[in-house]
Amino acid sequence: MTVTLADVAARAQVSPATVSRVLNGNYPVAAPTRERVLRAVDELDYVLNGPASALAAATSDLVGILVNDIADPFFGIMASAIQAEIGGTGGRAGGERLAVVCNTGGSPEQELKYLTLLQRQRAAAVVLTGGAVVDAPHAAAVAAKLRKLGEGGTRVVLCGRPPVPDARAVALTFDNLGGARAVTEHLLGLGHRRLGYLAGPEERSTTRHRLEGHRAALASAGIEEDPRRIVHGRFDRRSGYEGARELLRRDRSLTALVAANDSVAAGACAALRDSGLRIPEDVSVTGFDDLPVAMDVAPGLTTLRLPLTEAAARAGRIAMAREEAPAGGIGAVRGELVVRGSTGTARD
């Protein structure tokens with residue numbers, strides 16, 4: 001059933017003219033009234049200018065790129081590669097598109113807010129990057145938003161994010177589980193048996209999949225998991241530093257630290273140095289992603305290289321309909337192990 005401007009007015013208990021003024025921003029409206037109208041718009045999922053089905057051929061020149069943290073090189077690299085692909089035919093200014101990077105700060109509420117705003121703006125495309133929040137109510141809310149975007153003619157692409165069933169979204173998924181398993185197997189092959197794991201936020205799909213890969217490698221080698229050897233934190237250098245110090249406090253006999261990403265690994269390396277330990281002579285360290293920092297730390301970081309630029313560029317081309325989507329709407333992106341000086345043979 002189509003939601004009309006009159007429906008919004010009735011829900012907000014204002015006149016249709018007031019709703020129009022709030023949405024068009026062309027007339028001052030008292031803050032409480034404005035908030036009431038916007039809340040009604042959200043609750044009714046109202047789309048400007050009529051039913052979404054009639055807007056399929058009338059999307060704007062706007063492309064939204066959602067990232068968790070633009071200051072994180074992982075997301076900066078992907079946002080840059082996606083934006084470089086924005087363009088081509090169809091824009092009203094010579095084919096250009098306006099790319100808007102939406103920084104959610106990892107907040108589920110902000111993610112939903114940006115999706116709602118992009119729906120209202122009738123965005124031509126939306127690309128969501130990075131892991132998803134593993135929470136059933138939030139996942140259902142995101143799926144509903146993505147369906148609405150698709151119904152309105154917006155092309156939706158997920159890059160480095162799990163597929164969303166029945167959401168009309170193409171998904172380029174990263175093999176986080178397989179990559180993490182390969183990293184841990186490399187350490188096990190060097191003789192390490194006492195491994196600490198620096199995990200990301202517990203609620204993130206990326207965290208869970210990489211931790212699953214680590215656990216699978218340990219299980220395959222017949223090593224029982226020790227919960228004391230796992231700490232969770234943010235995907236940043238500070239969490240790596242603090243997490244490594246905590247792991248060393250719990251078990252000074254660790255011979256290797258497996259970090260959820262390269263930024264975390266860089267922090268772990270600093271913590272080891274401050275603790276008087278050598279890398280890799282005393283403790284080996286691994287990362288994930290192969291960000292620029294992986295080659296800047298000393299010694300260079302053994303890590304799992306993900307083709308971030310290539311995958312994001314492909315997501316941008318699919319979003320612009322300049323490349324066909326993978327069969328079934330899902331494409332797997334695999335990485336490769338890069339061995340550098342931060343890992344060496346275990347010494348008991």
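At roughly what angle do the axes of helix H7 and helix H8 cross, and within what distance do they come?

Mentor: Bear in mind that this is a predicted model. Start with the pair itself. Helix H7 covers residues 176–189 and helix H8 covers residues 205–220. Their axes cross at roughly 40 degrees and come within 7 Å. Angles under 35 degrees count as roughly parallel, and 65 to 115 as roughly perpendicular. The crossing of H7 over H8 is right-handed.

Now the residues that meet. H7 brings Asn176, Leu177, Ala180, Arg181, Thr184, Glu185 and Leu188. H8 answers with Thr206, His209, Arg210, Glu212, Gly213, His214, Ala216, Ala217, Leu218 and Ser220. Sorted by class, this contact holds six nonpolar, seven polar and four charged residues.

Phe174 sits in strand E5, residues 169–174. Its relative accessible area is 8%, so Phe174 is buried. Neighbours within four places in sequence aside, Phe174 touches Phe74, Met78, Cys159, Gly160, Leu306, Leu308, Ala311 and Val333. Arg334 is 160 residues away from Phe174 along the chain, yet their C-alpha atoms are separated by 6.1 Å.

Asp166 is not a glycine, but its phi is positive, at about 60 degrees. Most residues other than glycine have a negative phi. Asp166 has 69% relative accessibility, so it counts as exposed. Arg122 is another non-glycine residue with a positive phi, here about 55 degrees. Its loop lies between helix H5 (108–120) and strand E3 (125–129). Arg122 has a relative accessible area of 22%, which means it is partly exposed.

Step back to helix H6, residues 136–151, where Lys145 lies. Lys145 is charged, but at 12% relative accessibility it counts as buried. Residues up to four places away aside, Lys145 touches Asp45, Leu112, Leu115, Thr116 and Gln119.

For contrast, take Leu98 in strand E2, residues 98–103. Leu98 has a relative accessible area of 54%, so it is exposed. Beyond its neighbours within four places, Leu98 is in contact with Asp61, Leu62 and Val63. Leu98 and Glu324 are 226 residues apart in sequence, with their C-alpha atoms 22 Å apart.

Take H9 (residues 237–250) and H10 (residues 262–274). They pack at about 45 degrees, with axes 6 Å apart. That angle makes H9 oblique to H10. The crossing is right-handed. From H9, the contact uses Arg237, Gly240, Tyr241, Ala244, Arg245 and Leu248. From H10, the partners include Ser263, Val264, Ala266, Gly267 and Ala268. By class, this contact of H9 with H10 has nine nonpolar, three polar and three charged residues.

Then take H1 (residues 5–12) and H3 (residues 31–44). Their axes are 9 Å apart, and the angle is about 120 degrees. H1 is therefore oblique to H3. H1 passes H3 in a right-handed crossing. Asp7, Val8, Arg11 and Ala12 of H1 meet Arg36, Val37, Ala40, Val41, Glu43 and Leu44 of H3. This contact divides into six nonpolar, no polar and four charged residues.

Two peptide bonds deserve a check. Most peptide bonds are trans. Ile279 and Pro280 are joined by a cis bond, with omega about 5 degrees. Pro280 is in the loop between H10 and strand E9 (284–286). Ala298 and Pro299 are also joined by a cis bond, with omega about -5 degrees. Pro299 is in the loop between helix H11 (293–296) and strand E10 (303–305).

Finally, the chain as a whole. It has 12 helices and 12 strands. Of its 348 residues, 52% are buried. Among contacts between residues at least 6 apart in sequence, 74% join residues at least 24 apart. The C-alpha trace spans about 75 × 40 × 35 Å along its principal axes.

Definitions and conventions:
Residues numbered from 1 in each chain as written. Predicted model: local features only at pLDDT ≥ 70, side-chain atom pairs only at ≥ 80, totals over all residues. Heavy atoms only, no water. Axes fitted to C-alpha atoms, helices over the stretch in contact; angles between N-to-C directions. Helix = DSSP H or I, 4+ residues; strand = E, 2+ residues; numbered from the N terminus. Parallel < 35°, antiparallel > 145°, perpendicular 65-115°, else oblique. Left-handed = near helix turned anticlockwise from the far one by under 90°. Contact = heavy atoms within 4.5 Å. Buried < 20%, exposed > 50% of the residue type's maximum accessible area, 1.4 Å probe, protein only.
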